[in-house]
Amino acid sequence: MTSPKVLTFGCRLNAHESDVMAHLAEGENAEDTIIVNTCAVTATAERQARQAIRRAHRENPNAKIVVTGCASEVAEEKWTVLPGVSRVVKNTDKLNPKHWGTPQTQAQRPSTPPSRHARALLQVQQGCDHRCTFCIIPYGRGDSRSTPLPEALERAQALVDAGHLEIVLTGVDVASWRGPNGEGFGHICRSLLKELPALQRLRLSSVDPVVLDPDKGDADLWWLLENEPRLMPHLHLSLQAGSDLILKRMKRRHTTSSVAHSLDRIRAIRPEIGIGADLIAGFPTETDTLFQETLSFIETQKIPFLHVFPYSERPETPAARMPAVPNAERQARAALLRDAGERNKTEFLTQFVGTQQAVLIETPAQGHIASFAPLRLIDPETSPPRGTLAPVHVEYVENGTLFGTLQG
């Protein structure tokens, strides 16, 4: 028997859910079914999913194509008319195989698959309560819901038992996780590390900068950053801009000064920490002067790991009704931000040359150190097994990657 083919677009959460769908479908007699897990973050992501559906239909004209994900959630009618699409499944139903229209020949499997990634993903949150002016995701994912702590612990234990040394916590707005008595995101992090002593690395996916506000942020998370070496020295911030006026127009809850304050404190605690950030280039109303504020902020704060997206209009969002920046200018500004990020990355990586680092081997001869810097072994023949931690002496930096030699 053959399982459905799953095509994934978008975020880590979508990737995790695709893994779960593939796990639940394993062994089902569904060789004529293709599941497409869509993303609505950008117009590009939607276009790529539509192209993939048309290509899949051309190559497999008899296949039943099942579409799910955020893009199909917010505009179902646009996907039902595509060639080969047999049904559109709601995000809330995507992890229940009975909604896919495939034959069910086996008993339901546990919802936590043995992850196909060396860094196993663990979803602990879903949805978002905020309404940023550029974002359509809350309409595709709904309001914020938190995975109960006992369930999260059970799933995490299953991943550790399967041999995973590192777990990455993920969600739509993962830092908004709340316990039944109002416990914050740091509480679930502390609980996972306390209850799972065999877990060697806990990493966070993208977090809202508000959770790190030194004055009103999550005290448990700050305690972990200062006292728990198994919480990886790596934070990816949902920053979006380095201009206070643009942040206000985006309806974000942080300011450039609060983020700068957070970064100062974090780096004082963990000097080796790798900082990442999501950025939108060419947001509506962004003048040259306002863009320079963002560029200057990135250069001053020396943020090395940037995910830069030219602004993409999302129909029915407030930002789509604001005065637009020409597309060519968005692309040019995105390129300048990426260039600044590459310079920051080279400077950040250089500090590791001559040091020994523990590398989680993810693919043959390559992986990431604790600070999330990518590393390749100079001699690939010496590569340890996938999913293991290996001591490596860092020799040099080239093209945004560390290169090193395996130590005895």
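A nonpolar core is taken here as a set of buried Ala, Val, Leu, Ile, Met, Phe, Trp, Tyr and Cys residues joined through side-chain atoms within 4.5 Å, where buried means under 20% relative accessible area, exposed over 50%, and partly exposed in between (1.4 Å probe, protein chains only). The structure is a predicted model, in which local features need pLDDT of at least 70 and side-chain atom pairs count only at pLDDT 80 or more, while totals for chains, interfaces and linings use all residues. Residues are numbered from 1 along each chain as its sequence is written, and side-chain values use heavy atoms, with hydrogens and water left out.

The largest nonpolar core comprises 52 residues, and those with the most contacts inside it are Leu169, Phe185 and Leu212. With contact defined as heavy atoms within 4.5 Å, and with neighbours within four places in sequence left aside, Leu212 touches Val207, Leu221, Trp222, Leu225, Leu235, Leu237, Ser262 and Ile266. A second, separate core of 22 residues has among its members Cys39, Ala49, Trp79 and Val88.

In terms of secondary structure, the protein contains 12 helices and 17 strands, these being DSSP runs numbered from the N terminus (helices: H or I, at least four residues; strands: E, at least two). The radius of gyration, taken over C-alpha atoms, is compared with a globule rule of 2.2 Å times the number of residues to the power 0.38; the value for the protein is 22 Å, close to the 22 Å that the rule gives for 408 residues, so the protein is as compact as a globular protein of that length. Buried residues account for 54% of the 408 residues, and of the contacts with a separation of 6 or more, 73% are between residues 24 or more positions apart.

Thr285, with a phi of about 75 degrees, is found in the loop between strand E11 (274–281) and helix H11 (288–301). Asn399, with a phi of about 50 degrees, is placed in the loop between strand E16 (389–398) and strand E17 (401–406), and is exposed, with a relative accessible area of 75%.

Lys345, which is found in helix H12 (residues 327–350), is by contrast buried, with a relative accessible area of 17%. When its neighbours within four places in sequence are left aside, Lys345 is in contact with Pro304, Phe305 and Gly400.
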